[in-house]
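Colleague: I would like to learn how to read a protein model. Please take me through one, a feature at a time.

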Amino acid sequence: MASHRKSRPVGTRVAGIRTPALATAALTSVALLSQSANAAPADDKPSLEEVEKKVDDLYRQAESATDSYNAAKEKTTKQRKQVDTLLEDVARRTQTLNEAREELGSFAAAQYRTGAAAPGTATFLLADTPQDYFDQSQLMGRLTSRQKDAVDDYVSEQSATMKKRQEASQSLQTLTETQSDLKTAKATVQKKLADARELLSELTAQEKARLAAIEQRKQQEAARKAAELAQQQAAAERAAQETTAPQESTPTAPDSSYATKAAKALAFARAQIGKPYVWGATGPDSYDCSGLTQAAWKAAGVDLPRVTYDQVNAGTTVSLADAQPGDLVFFYDDISHVGLYIGNGMMIHAPKPGAYVREESIYYDGESGIHSVVRPA
C-alpha cells in the first residue's frame, strides 16, 4: 500500500538522522524517475484532438480507396461485357468454321471417289491448317469455282476466328488483373474502416462525450463560415441587380436550362436525405458521395462519371463565390469527396461510413478542405 506521508524537504531529518545532500539528491532522482515511469503511459496516449484527426484521416483514406474500388468495379463490368461478347463471337465463328470444314470434307470425298484428287487430298483438306496445301497451284487447278470459294471462305473464317480467340484471351487476362485490383481496393477500404472503429472503441464514455463537443464546435464554426459566404453571395447579387449597364454573359453564369436541371438534381438529392452512406453504393437505398451526385444529376438527364476524380472534369470550374445551386463541390487534394451545392454555403452529401445523407456546411472540414467547384456540363 502506498504511503500517505508528506514528503520531507531536502536536507531534513529522516528517522532522526539528517540525510547527506548527495543521498538526498539520489533519493530525489529515484522519486522523479518513478513519477516519470508512472506518468509515461498517460503521456503516450494521444489527445482527443489527435484521435479525431486520425479517425478523420482514416475515413478520408477509406473514401479515396472507395474511389479506386468504384473505378475498378466499373472497369470490371465493362471488361466482363467485352469478354462475353468476344466469347459469343468466337463460338459463332467456330460453328461457321465447322460448317465450312464439313463442306470441304464433302468436296474432298467426292474428288477421292471420282479419282480427281490423290488420296492425300482429303487429309489435307480436313486438317486444321490447310493453307499451305491450298496454296499449291496443282491442287487449286483441280478445284471448281465453287470449291475455290469454299476454300477461301474457310481460310478467311479460320484466320478471323483465331484472331478473336486471341482477343478473348487477352481480355480475360485483363479482366483477371482488374478483378485483382478490385479485391485489393476492397481490402484497403475495409482495413481503414476497421482501424477507425478500433480507435473509437478505445475511448471511454467521457472521452466520447468530449469528442462530440469538439465536433459540435467544428459544426458551429462551419455554420458561421457558411453564413458569411451566403451574405457575400447575396451582396454580390444585389450589386449585380443594381447595375444598370447591360452585362455580358460569362462562362460561369448559369442559364435557365441549367437552373432547371439543377432544380431536378437537388430535388432528387433532398429525397435521399436520411439514407445511409455505404461505400461503393449508387442507390436507391444507400449511397457513397460520388454515387449520390451521379444519381442526382442522372435524374436531371445528365450522365456524370462514377468517381470523383472523373466528375471533377465533367464541367466548368467556377469560383466558390460564384457557386450556384446544383454545382459540385470537391474536397481535399486527392479529390476524394464531393457534395451537391444547395446555396447559402450549404450542400447535400453522403459524408462517411456510419453517417447518413444530409445537409451540411461546405466548411464541414474547414475552409482548406475545399478543393474546387464544378458546374456540370
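Modeller: Start with the surface. The accessible surface of the chain comes to about 22,400 Å², and 53% of that belongs to carbon and sulfur atoms. Keep in mind that this is a predicted model.

Colleague: How many helices and strands does the chain have?

Modeller: There are 10 helices and 8 strands. The chain has 377 residues, of which 36% count as buried. Among contacts between residues at least 6 apart in sequence, 68% join residues at least 24 apart.

Colleague: How do I describe two helices that pack together?

Modeller: Two packed helices are described by the angle between their axes and by the distance between those axes. Here, take helix H8, residues 256–271, and helix H9, residues 289–299. Their axes come within 7 Å and cross at roughly 130°. An angle over 145 degrees would count as roughly antiparallel, and 65 to 115 as roughly perpendicular. H8 and H9 are therefore oblique to each other. Their crossing is right-handed.

Colleague: Which residues make the contact between H8 and H9?

Modeller: From H8 come Tyr-258, Lys-261, Ala-262, Lys-264, Ala-265, Phe-268 and Ala-269, and from H9 come Ala-295, Ala-296, Trp-297 and Ala-299. Sorted by class, the contact has 9 nonpolar, no polar and 2 charged residues.

Colleague: Is H9 mostly covered or mostly open?

Modeller: Mostly covered, since 9 of the 11 residues of H9 are buried. Among them are Cys-289, Leu-292, Thr-293 and Gln-294. Ala-295, Ala-296 and Trp-297 are also buried, and these three take part in the contact with H8. After H9 comes Gly-301, which has a positive phi near 85°.

Colleague: What should I look at in the loop between the two helices?

Modeller: Look at the peptide bond from Gly-283 to Pro-284, which is cis, with omega near 0°. Pro-284 lies in the loop between H8 and H9. Ser-286 is found in that loop too.

Colleague: Why does Ser-286 count as buried?

Modeller: Buried means under 20% relative accessible area. Ser-286 has 15% relative accessibility, so Ser-286 counts as buried. Leaving out residues up to four places away in sequence, Ser-286 touches Pro-276, Val-278 and Ala-281.

Colleague: Where is Ala-281, and is Ala-281 buried or exposed?

Modeller: Ala-281 also sits in the loop between H8 and H9. Its relative accessible area is 11%, so Ala-281 is buried. Beyond its neighbours within four places in sequence, Ala-281 is in contact with Ser-286, Tyr-287, Asp-288, Gly-291 and Arg-306. One of these, Gly-291, is a buried residue of H9. Sequence distance and spatial distance should be read separately. Ala-281 and Asn-70 are 211 residues apart in sequence, yet 8.9 Å apart in space, C-alpha to C-alpha.

Colleague: Are Ile-335 and Asn-344 buried or exposed?

Modeller: Ile-335 counts as buried because its relative accessibility is 13%. Asn-344 has 52% relative accessibility, so Asn-344 counts as exposed.

Technical notes. Residues numbered from 1 in each chain as written. Predicted model: local features only at pLDDT ≥ 70, side-chain atom pairs only at ≥ 80, totals over all residues. Heavy atoms only, no water. Axes fitted to C-alpha atoms, helices over the stretch in contact; angles between N-to-C directions. Helix = DSSP H or I, 4+ residues; strand = E, 2+ residues; numbered from the N terminus. Parallel < 35°, antiparallel > 145°, perpendicular 65-115°, else oblique. Left-handed = near helix turned anticlockwise from the far one by under 90°. Contact = heavy atoms within 4.5 Å. Nonpolar A, V, L, I, M, F, W, Y, C, P; charged D, E, K, R; others polar. Buried < 20%, exposed > 50% of the residue type's maximum accessible area, 1.4 Å probe, protein only. Areas by Shrake-Rupley, 256 points an atom, 1.4 Å probe, with all protein chains shown as cover.
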